[in-house]
Amino acid sequence: MLLEVENLAVTLGTGEHSVRAVDGVSFSLERGETFCLVGESGSGKSITALSIMRLLPRDALRACSGSIRFMGTGMGRAEDLLQAPEERMQQIRGGRIAMIFQEPMTSLNPVFTIGEQILETLRLHFPELGEGEARARVLAALREVRLPQPELRMHSHPHQLSGGQRQRVMIAMAIACQPDLLIADEPTTALDVTVQEGILKLMKDLQRRTGMGLLFITHDFGVVSHIADRIGVMQKGRLVEQGETRRVIRAPQHDYTRHLIEALPENLKRRRPPEPVASDAEPLIRLKDLEIHFPIRKGLLRREVDRVRAVDGVSLEIPRGSILALVGESGCGKTTLGRGILRLVEPTAGQVCFGDTDLLALDRRALRPMRRHLQIIFQDPMSSLNPRLSVAAILTEPMAVHGIGADREERIERAAALLERVQLPRDALWRYPHEFSGGQRQRIGIARALALSPEFIVCDEITSALDVSVQAEILQLLLALRREQGLTLLFITHNIGVVDYLADRTAVMKAGRIVELGETEQVINRPRHSYTQRLIAAVPRVDPD
Amino acid sequence: MTERRQGYWARVMAATFRRWGARLGLAWVAVLAFAGVFAPFLASSFPLLVLEDGEWSSPVLRYLTPADVVLPVAALAALVLWRLRRIPSQRRLLIFALLTSMTALLAWRFVEPPRIVVYEQYRQAAEAGRYQRVIWAPIPYSPQDYLRDRGDTGMQPPLSDPRDRHWFGTEENGADVLSRMIHASRIALAIGFIATGIALALGIVIGGLMGYFSGVADILGMRLVEIFEAVPTLFLLLTFVAFFGRSLYLMMVIIGITSWPGYARYVRAEFLRLRQQDFVQAAVAAGLPLPSILFRHMLPNGVGPVLVAASFGVAAAILAEATLSFLGLGLVGEPSWGEMLNQAVQSSSFNWWMAAFPGGAIFLTVFAYNLIGEALRDAIDPYLGKAA
């Protein structure tokens, strides 16, 4: 037994605002084993991890109950980490138990080189190591995580590395002290799938060689089924089910687990065969050699020295009433392309035709009446709604500007109908955005886009910030809306499962260019371009067999 | 639940005034505002009511200036409209503006105080026993009543003259200090609010345009900001006073147009951040007109830090006026706290009451605005994270 958590309970906050974040959680972890905590946001999985490290705020720690017994190498008997004195915890933290976090940029100190940062943790836990020996161990750790040219990279600052490389550095820092237990809190969530694949492989490999225990926290069932030996499903602070990975995924016992697994896009009821969208339907949106370049200016006169080619010659057509998915890794220019079509970012060259009008040829005044036909829904439901305006104001102001509805009463009535359409209660009209959950806000965002009865909507990663069950509801809502109103959608995403469920056709984007475009079924199952093949292969699927 | 329906500002205000510091600050500002608005009824040499030959009359009303009439009417209107919650706030604002401007128009047209004022006439008449009943103001001395009927009085410490009760003593010409302080609070408040208002308006418009359009507008705007930041306010004030004479309005304008760059910087930074926010992009995508995007969607989300700076700005403007008056370049005849401070050290002896009371008032006022600004900043901070 390496770690045994028994009846752990954590209360956050005080008085009437207190929340029972973790409520009677028990599990155990052996050496060389991977235990995955899965759950939606707010289910208490991160708090569980933090309380093992005792990294919670002081008053929350005082309110902890239960026991966390840990037995590392060189420890005669198991110790209860909740009772251990702070000095003891400092030895264990980093030395015997290491942790890596979701966001590798903010977990590294930007003013020190990565070599110095790893060296510092090493010195802290192994003060007896000589200078040369410590350096050698840092190099070995960096080599272990397969960072290219570790001798050179040691002297790099965090901003000089890519996201995946930074996460490798974090792992190197964690394993440099050869811990018995590694806690990984959503370590690949901020990374692209191809990078994620490498990191997961690396962690699995390291674990096999060092025999450390791995407590892995994630919300992604695809990742879980790849890496976990056993999993625990958390809901509202409770561990509702735990067991062998294969068993839990194949035959979930608890209703909540079943609900979660059914909500995965690959398990949602197929709507295929698709309603026939006549492939010869005239295209609603036609892009021709669209270019969006951002100048890089330097010096006193701000001369243009180079350009970032965010979108570099994209031509495609979206037939009326169809859903085109645009997939690609971060930085490939898919969001810029979506915004360029709406002229939220000014394209530098090319054509964007909506029906017969070239949007790029219009001046601002002529563009404004066109805007009602093209709308956008954003990724982050937090920042996409004006926090100072009531939902009624958010929905009715665009209507008033475009002359929809005769008077205020009629517009309010329309807004109420829209809310009902996106399955929100009518009294939501008079509330403010902060009173809603993420999924509800995303529904308001959809209602806002629908307020102008547009023909074309750009959906920019609209489900990425949402939990799977909420994502499933939003996707079903979109499909229903498409059917009722004949909407045409450009669906930007990095989630292949969602693409497979939703899209008629799929375009794959890389470095500003479309590398492959075809029927979704063909692109996903028989990709032609080598990049698409790599991308699809890297996607962690539930039940790999 | 009422709390759920509260808007953002209602929540910020509730969080601000939950703190004792802010409450005390607000209480002091309210006292000042009350004193300023009702000054002629609080401190005046003219009785509020007299009964002469069986007839009641009110001499104080005869000597009111137009400003003396407009301020109480506006204050009462504001109070009544504030309590009337059923009317939407925009309409309330409109009613208030209409009412105030109408009163102002009428007051300046019809209210005309006598040119020659003899302050001691009622006091002497009352002492001669001509009135059956007299109701005096709480402080029965006007700020410019130099007590000529009492002979050569000059500076007197508090409560030293058995005939006249001067709570805070008298100044060099023999006028009552408390009365002058009450009337001076009007100037202190006006200069603080109007000068800061001018600075805010300029700063928000220029900073907003800089932030929204960036590029060339930003470069030009920043140069303008740097130019104005380099102008020393006090010396500009001294120069203008020397050339154009002493005028309260000139002072407000000069303090206003030299202190906007700070606000412009804040607004610019906020707008640069907000421009990238999705809800602003959504507003653009919905084809909303530019004024709506700037002032309805961006400004309310970026105005928080500016308001905090403004509450410190009010304090700074009050200090600037006090400094100028202390240097002897303030208004002539009109009472002002700084001018009274000046008298504390002017004569050969140190007159403690001339230093303690006006100095204390300046200190408390600046302190009050700082307390409010501090609490406002703390209240806005957590909400920025939660709501935005």
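Both faces of β17(A) are covered, with A:F456, A:V458 and A:D460 buried on one side and A:I457 and A:C459 buried on the other. That makes 5 of its 5 residues buried. Helices (H or I, at least four residues) and strands (E, at least two) are DSSP runs, numbered from the N terminus.

Some ground rules before going on. This is a predicted model, in which local features need pLDDT of at least 70 and side-chain atom pairs count only at pLDDT 80 or more, while totals for chains, interfaces and linings use all residues. Residues are numbered from 1 along each chain as its sequence is written, and chains are lettered from A and ligands numbered from 1 in the order in which they are written.

**The parallel strands of chain A**

What sits beside β17(A)? Strand β16(A) is joined to β17(A) by 4 bridges, and the two run parallel. Strands count as paired if DSSP finds at least two bridges between them. A:L374 stands opposite A:F456 in β17(A). β17 (residues 456–460) is also joined to β18(A), with 5 bridges and again a parallel run. Here A:F456 has A:T488 as its bridge partner, and A:I457 stands opposite A:L489. To get from β17(A) to β18(A), the chain goes through helix α18 (residues 468–485), in a right-handed β-α-β crossover. Right-handed means that, with the strands pointing away from the viewer, the path from the first strand over the helix to the second runs clockwise.

β18(A) (residues 488–493) is mostly covered too, with 6 of its 6 residues buried. A:T488, A:L490 and A:I492 take one side, and A:L489, A:F491 and A:T493 the other. In a regular strand the side chains alternate between the two faces of the sheet. Strand β13 (residues 323–327) of chain A also pairs with β18(A), through 5 bridges in a parallel run, and A:L324 has A:L490 as its bridge partner.

**The antiparallel sheet of chain A**

Chain A also has an open sheet of 4 strands, in the order β2-β1-β4-β5, with antiparallel pairing. Why are β2 (19–29) and β5 (79–80) left without a neighbour on one side? They stand at the edges, each with a single partner strand. Strand β1 (residues 3–12) is joined to β2(A) by 8 bridges, and A:V5 has A:F27 as its bridge partner there. Helix α1 (residues 45–53) lies across β1, β2 and β4 (65–70), at about 70 degrees to β2(A).

**Helices of chain B**

Axes are lines fitted to C-alpha atoms, for helices over the stretch in contact, and angles run from 0 to 180 degrees between N-to-C directions.

| Helix pair | Angle | Axes |
|---|---|---|
| α8(B) and α9(B) | about 145 degrees | 7 Å apart |
| α8(B) and α11(B) | roughly 35 degrees | within 5 Å |

The crossing of α8(B) and α9(B) is left-handed, whereas that of α8(B) and α11(B) is right-handed. A crossing is left-handed if the near helix is turned anticlockwise from the far one by less than a right angle, and right-handed if clockwise. Contact between the α11(B) pair divides into 25 nonpolar, 6 polar and 4 charged residues. Ala, Val, Leu, Ile, Met, Phe, Trp, Tyr, Cys and Pro count as nonpolar, Asp, Glu, Lys and Arg as charged, and the others, Gly among them, as polar.

Helix α12(B) (residues 278–285) has 8 of its 8 residues buried, so it is largely enclosed by the rest of the structure. Its buried residues pack against β16 and α17 (438–450) of chain A, together with α11 (248–275) and α13 (290–302) of chain B. Just after α12(B), B:G287 takes a positive phi of about 75 degrees.

**Where the chains meet**

How many residues of chain A are in contact with chain B? There are 26, touching 21 residues of chain B; contact means C-beta atoms, placed from the backbone, within 7 Å. β16 (374–377) and α15 (391–401) each supply at least two residues of chain A's side, and α15(A) gives the most, with 3 residues. By class, that side has 11 nonpolar, 6 polar and 9 charged residues.

Methods
Two residues are in contact if their C-beta atoms, placed from the backbone, lie within 7 Å. A residue is buried if 20 or more other C-beta atoms lie within 10 Å of its own, exposed if 12 or fewer, and partly exposed in between; C-beta atoms are placed from the backbone.
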